[in-house]
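Try each task on the structure before you read its solution.

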Amino acid sequence: MGVISKIEFGDFQTPLPLARRIVSFLAESGELPDTIIEPTCGLGSFVVAATEYFPGAKAVFGFDINPDYVRETVKSTSRDWESRIQIECRNFFEFDWQTFLTKQNGRVLIIGNPPWVTNSALSSMGSENLPEKSNFQGNKGFSAKTGKANFDISEWMLIRLISALHQREGCLAMLCKTSTARKTLKYAWMNELNIGRCSIHFIDAKLHFGASVDACLLVIHTGLSESANTAVVYRDLSFDEKISTIGLVGKELVSNLDEYQKLREIDGFPYYTWRSGIKHDAAGVMEFTIENGQLMNGKHQFRQIEEAYLYPLLKSSDVANGRTIPEKFVLLTQKKPSDDTSAIEMNAPKTWSYLLENANTLDQRKSIIYQKRPRFSVFGIGDYSFSLWKVAISSLYKNCRFEVVGSYCGKPVVLDDTCYFIPCETENEARFICNLLNSEICQRFLRSLIFFDAKRPVTIDILNRIDLKKVSEYLNQTEEAHPLLSRAATFENERQFSLVFEKNVKYLPKRGSEKK
Ligand SMILES: C[S@@+](CC[C@H](N)C(=O)[O-])C[C@H]1O[C@@H](n2cnc3c(N)ncnc32)[C@H](O)[C@@H]1O
């Protein structure tokens, strides 16, 4: 198989010793299936291991899209199983899992290791190895068009399988990325599928597959009399070392349910509106440093342009490392999304010529967000981008440190789109809010929510859960907090604010109406 096909089919075959280790772990933990199904069996490690550890199984099915793999798997299985085993060439996406599972008898075990590839990687290769309907998570509007609609093929497959299996007694045990495991669980919990006794067992993907990803065995039991929306995370393929319990609270996953329960009072109303930084998708053109007193762009070209549209810039690595004196500048063609960029020609002719010189790069920015917007637009821009004081955090780093960001060379410092921030009016306000956010209690709360192995551990949804009023109460700083939070909330939405602050009632419905 060529490299492209290997990528296209997410082809990382499970070594037989690992498959044996997984199946023996399931057998030791009491699994006793009548029917075993490997939906993307590849060279058949799990099929072989399952026949060794579950000799009493009545039927074993192995499917794969690759006919060579199907032939190899048939060869690897013992003759004793001939009457009970079916290995067939099938495309997962064209198979009616619901009907197939309805026809099976007794307890079902679905086991395997679905393809390791994302839909966007497949689209960029022009591959057709994709499900017909991609937006299965029901993302709407912007999310459907951008990052959130990117998903792992295995996530789609696992959701399809668990949706078909959940009403009958069974078990799904699949190797996958830890992020895929969480998304599958979240989907099942949000959609109230009948699942319970869920666990995540870390595996060393570098050791077994030579791949640098956070991977695990996801185990989900189905068709139980009592379902639950929690899953225990274990260090390895055993129940010896528990790391945490994850679960669904409201509509979001929580990474450490025990710690969260202790601090859940802090889960509330954000008062401020968290913003993300500016997106331009053309660092080579839009970002500059000063070299020998001259402006040099990201392509290492020296260019002279007016200062009018240049702003000092901080990126994630700066914020996460406490570097708040900018070394970069960014060319911002707008102050509001509706601004007509053609005004630059008059206001700053050198800047306009520079934009025209780089029009090819800028016009070809792929993201759908630039379509139907003025030429050379930037994204994520508004009055808040230009506030003189901000409290910022990097979304990519694990240290969760908030930093106060001020102005530089007489201009507000702006942040890139890997950072989140809240705009503040004064330095005092920014320092006070930053201290609340960096306080031990708030950091503990944040850490109970964050999944640190995610690509973007800190999300706006998480930041929005921090109730700064509650944090200030914990720290006995309500007097100072009151006027600031009051003004921030009034600014964003007067009505919401009065409900929350003055009457001292919670605006949001109390979280935790989740199943126990
Ligand atoms: C990560 S490998 C794992 C193989 C096997 N499950 C194992 O554990 O060794 C993924 C497998 O999925 C198969 N595959 C990819 N797309 C498929 C599809 N649409 N339908 C069925 N199998 C597919 C590939 O051929 C490959 O064998």
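**Exercise 1. Find where pLDDT stays under 50 and decide how to read those parts.**

Step 1. Residues 494-516 keep a pLDDT under 50, where pLDDT is the predictor's confidence in each residue, from 0 to 100. For this stretch the model has 46 contacts beyond four places in sequence, a contact being heavy atoms within 4.5 Å.

Step 2. Now take the whole protein chain: its average pLDDT is 90, and 89% of the residues score at least 70. Residues 142-147 fall below 50, and that stretch has nine contacts in the model beyond near neighbours in sequence.

Step 3. Where pLDDT is low, the predicted coordinates should not be read in detail.

Some ground rules before you go on. This is a predicted model, so local features need pLDDT of at least 70 and side-chain atom pairs count only at pLDDT 80 or more, while totals for chains, interfaces and linings use all residues. Residues are numbered from 1 along each chain as its sequence is written, and side-chain values use heavy atoms, with hydrogens and water left out.

**Exercise 2. Describe the protein chain as a whole: what are its helix and strand counts, and how much of it is buried?**

Step 1. The protein chain holds 22 helices and 21 strands; these are DSSP runs numbered from the N terminus, helices being H or I with at least four residues and strands E with at least two.

Step 2. Of its 516 residues, 52% are buried. Buried means under 20% relative accessible area, exposed over 50%, and partly exposed in between (1.4 Å probe, protein chains only).

Step 3. Among contacts with a separation of 6 or more, 74% join residues 24 or more positions apart.

**Exercise 3. Which residues are closest to the ligand, and how much of the ligand does the protein cover?**

Step 1. The ligand is surrounded by 23 residues, the closest being Thr14, Glu38, Thr40, Asp64 and Asn129; a residue counts as near if one of its heavy atoms lies within 4 Å.

Step 2. Check the polar contacts (pairs of N or O atoms within 3.5 Å; within protein, one must be able to donate a hydrogen and the other to accept it, and residues adjacent in sequence count only if both atoms are side-chain atoms). A polar side-chain atom of Glu38 is 2.7 Å from a ligand nitrogen atom. A polar backbone atom of Thr40 is 2.6 Å from a nitrogen atom of the ligand, and a polar side-chain atom of Asp64 lies 2.7 Å from a ligand oxygen atom.

Step 3. On its own the ligand has 590 Å² of accessible area, and the protein covers 100% of that; areas come from the Shrake-Rupley method with a 1.4 Å probe, and for residues only the protein chains shown count as cover.
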